[in-house]
Structures are given as structure tokens and as C-alpha cells.
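This briefing is for a reader new to the structure.

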Amino acid sequence: MHAVFVNHCHPDMGHVCALRLRKFAEAMAARGHRIVLLTESLDAAETPIAPDRLAERLQGHDWNRPFYLAVQPLADGTLASLRGGAMNRWRRAWVVLSRYLFEGGLYGGWEKAAAPYLPVLATAFRPDIVWASFGNTAVWNIGRAVASAAKCPWVADIKDNWRRFIPRGLRRLLAVRYRDAAAMTTFSRGQALEAGDWFAARKSVIYSGFDEADIGPADAPAKPDGAFEILITGSLYGAREFQVFTDALTNWMTAQKRTQPDLHLRLIYAGNDHLRAEPALRPLAALCSLDIRPFMALAELLAAQRRADLNVYIRWPGPFIFHHKTVELLSAEKPILCYPPENDEACQMVAGVGGVLYSCATQQQIEAALSQAFADRASPAEWDRAALTAYSWQGQAAVLEEVLEGARRQP
């Protein structure tokens, strides 16, 4: 299969927005498919491939890996002012409305810059299918345009919620523009239900996952001091929620040290919110070994998650359909604690692979979960490796392959 994947975020961008399409492009290339991943350029300093050199570059490419086509957007002073917050409320509203109605979205500079590449992709690469992942409407606009030039179907992917990203009053009007999608993939079952309010296309869930090679705690470095280790990863979101969690930690650690003064506890935070984590967690240094890290390379982070006795994440407190952190932590095969509580889909997913997810709604539930995880550390749960592997990038790529092949065969 020759497929063009379209995503806004460059594959080298150190952000979750780049992860889904990059990983699936790699997994599909490993399955023998030829994949072009079209994105915006990483930054203004990146030297793009000229449209008249694209055919030559495609011809000489090693298709064991994806071909990355990064397009430098055309300058647009109005949109730059919009994103920089330099407009008053009414001017901003007019720019947003007019750009959606007359240009299809807020990334017209990228769409216009991509246009010269599309005929080359159509004739030199000859895609069988296009898969475009919604983070903004420009992604779908470009995906549709590639499919139109190549006279092939396109499949719309929803990883970000339409209701949250598209202004009220424009949602249904804009959704009609994409009714020609041959199929739709979604980030979760919850996203599929939400998308059903706007799109009639047949929907298939494709979870963002983890690498098969990263499954399991077997290679986790041993803890020679025998400490009970708690690892918090990811963003901390609401200040109130994190305070509830730290209060629970304080109470639980205090109670443990009262009955077991020599007990070694270790608490690690790794993530971009380290500046918020430091003052909130610093008082706990009297009760545990505290390690706050601003950044961990992926391999180091995965090893830490496998070594931890309990992996913790703070969940966004507002309306949120599905949190990728749940899937990411599955590969460590260690108990997971989240606060505020997870939805049914995530809880069922963890239960389905034989894992443990403490989904906590109150401070008391957090303290009880900490006690249970501590008590169970010597007899870990038996995870179902076959079921777990199905959630990997490689396992989900097999599902994606089936969806794309099905869309491609539609009359």
C-alpha cells in the first residue's frame, strides 16, 4: 500500500501531538507499506524539499522507513497576530470566523505552501489512500486535497475533539465539508461517540500505544536499597487536584513512618511541570527520598516506569474523553494510580490486560490505594502479555492497516 499520512506536528517535535502519526508511520513502514508523512516544518530554519526535487527524492528513498515531507508555511501576519494575542476580542472573532468560512481554517499559510507538492505526490508516489489526523482543519483540508489529486480515498482521524477545537456555531457547518471521508478512525471509544454527533462515516478505534519492545519490567534496574518507589509522570494540570494528591501522600507516608521508622520510601517526579512540582513536593523530603527531574530521555523514563512500584499521573479535571497516559503506562506492567478518577473505557482497558488501576475520586481513596499498592508489592498482578501487545503501536498498526485497506477497496 502507498499511503500519505498528514499531521500538523513535525515528527521531530518533542510533543505528544507528533507522536501518533510518527509512530504509526514507522509501524506501517515496518509492515511493508510505503508511507509519506506530510507535516508542517519543524521551524523556520529547516530547509524544505523543493517541489521540483520531490519526485527524485521519492524515487531514491529507502521505504523501510517513512518519507518525511515537511512544508514551510507561507508567512501570514494576520494569523501571527492572532496567535500572539495581539488582537482585541472583536477583531479576533472576525478573523477566526472569516478564515474558517473562506479559507477552511486558521493554517492557510501551511495549506497554500503544501499545494505545489500535491500533484507530485499524485503522479510520482501515486498513493492508494490518505490518512489525515485532526488537530486542526488544515490537516483534513490537505488530506482531502492530496486524495483529490491522486483520485484515491481519504480517511479522517480524530485524536482531538471536534467540539473542543472548533468554535461553537461553526461545528456542524464545517463538519459537512468532510463528509466525503471514506472512513474515520478515533483515538478512543469516547472520541468515536463524540464524533458521532458530527460525522456519519464508519468509525474504528485506533489507540495510540507504546512499542512492543518496551513491554515488561524484566529489564528494570534493581533497587538495591529496597525502597518502595512512587513515580509521578506527566503534566500536573489543576493546582487543587495536585494539592489533594500531595496531602494524601503526606498522610500516608507519615502513617507508614510512624509504624515503620526504617522504611525507605522514594518519590520521583519526571515531567515538564517540575517547577510546580518542586515547591509542592519539597515538604515530603522529610519522609522520603525525593527526586524531581525536569526531563528524562524516553529510554530512561521507560526504565523508571518499569522500576517503580507504583506509577502515578494526574488527570485533567475538566471535560476530557481519554488520556493517553493510561495506555503509555500499561507497558511497564506496574500498578497505576490516577487522580481525579479515570473513565470506564480506561478502567476496562487496564482490567482487560490483567493490570491494576487505582482510579481515585477522593483523598481517602488515594490513601487507601497507596496502602494497597504497598501491601501488594511482593505479589504483583499477572499481566496478560497477548492482550497487552494488542495495544502497542505494532498491534494497533494491524488494526489501522485493516481500516485503510477496507477504505481503499470501497466502491
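Helix axes here are lines fitted to C-alpha atoms over the stretch in contact, and the angles run from 0 to 180 degrees between N-to-C directions. The model is predicted. With that definition in hand, helix α1 (residues 16–30) and helix α18 (residues 393–409) have axes that come within 9 Å and cross at roughly 80 degrees. Helix α11 (residues 239–259) meets helix α16 (residues 363–375), with axes that come within 9 Å, and the axes of α11 and helix α12 (residues 274–281) come within 11 Å.

**Helices α1 and α18**

- Angles of 65 to 115 degrees count as roughly perpendicular, and α1 and α18 are therefore roughly perpendicular to each other.
- On the α1 side, the contact involves Leu19, Arg20, Lys23, Phe24, Ala27 and Met28.
- On the α18 side, these residues meet Trp393, Gln396, Ala397, Leu400, Glu401 and Leu404.
- By class, the residues of the contact of α1 with α18 are eight nonpolar, one polar and three charged.

**Helices α11 and α16**

- The axes of α11 and α16 cross at roughly 45 degrees, so the two helices are oblique to each other.
- The crossing of α11 with α16 is right-handed.
- From α11, the contact is made by Val244, Phe245, Asp247, Ala248, Leu249, Asn251, Trp252 and Gln256.
- From α16, the contact is made by Gln363, Ile366, Glu367, Leu370, Ser371 and Phe374.
- Eight nonpolar, four polar and two charged residues make up the contact of α11 with α16.

- Ala248 belongs to helix α11 and has 0% relative accessibility, so Ala248 counts as buried.
- Apart from neighbours within four places in sequence, Ala248 is in contact with Gln363, Ile366, Glu367 and Leu370.
- Ala248 and Glu367 are 119 residues apart in sequence, yet their C-alpha atoms are 5.5 Å apart in space.

**Helices α11 and α12**

- The axes of α11 and α12 cross at roughly 40 degrees, and the two helices are therefore oblique to each other.
- α11 and α12 form a right-handed crossing.
- In this contact, Ala239, Phe242 and Thr246 of α11 meet Arg276, Ala277, Ala280 and Leu281 of α12.
- The contact of α11 with α12 has five nonpolar residues, one polar residue and one charged residue.

- Asn136 sits in the loop between β4 (129–134) and α7 (137–150).
- The relative accessibility of Asn136 is 10%, so this residue counts as buried.
- A polar atom of the Asn136 side chain lies 3.1 Å from the backbone nitrogen of Ala138.
- Not counting residues up to four places away in sequence, Asn136 touches His8, Tyr107 and Trp110.
- Ile142 is part of helix α7 and is buried, with a relative accessible area of 2%.
- Beyond residues up to four places away in sequence, Ile142 touches Val6, Leu38, Trp110, Glu111 and Ala114.
- The C-alpha atoms of Ile142 and Arg276 are separated by 39 Å, and the two residues are 134 residues apart along the chain.

**Backbone details**

- Most residues other than glycine have a negative phi, and most peptide bonds are trans.
- Arg126 has a positive phi, near 55 degrees, and is a residue other than glycine.
- Arg126 is located in the loop between α6 (118–125) and β4.
- With a relative accessible area of 62%, Arg126 is exposed.
- Glu333 is not a glycine either, and its phi is positive at about 55 degrees.
- Glu333 is located in the loop between α14 (324–330) and β12.
- Is Glu333 buried or exposed? At 11% relative accessibility, Glu333 counts as buried.
- The peptide bond from Tyr339 to Pro340 is cis, with omega near -10 degrees.
- Pro340 is in the loop between β12 (336–339) and α15 (344–352).

Key: Residues numbered from 1 in each chain as written. Predicted model: local features only at pLDDT ≥ 70, side-chain atom pairs only at ≥ 80, totals over all residues. Heavy atoms only, no water. Helix = DSSP H or I, 4+ residues; strand = E, 2+ residues; numbered from the N terminus. Parallel < 35°, antiparallel > 145°, perpendicular 65-115°, else oblique. Left-handed = near helix turned anticlockwise from the far one by under 90°. Contact = heavy atoms within 4.5 Å. Nonpolar A, V, L, I, M, F, W, Y, C, P; charged D, E, K, R; others polar. Buried < 20%, exposed > 50% of the residue type's maximum accessible area, 1.4 Å probe, protein only. Polar contact = N/O pair within 3.5 Å; in protein donor to acceptor, adjacent residues only side chain to side chain.
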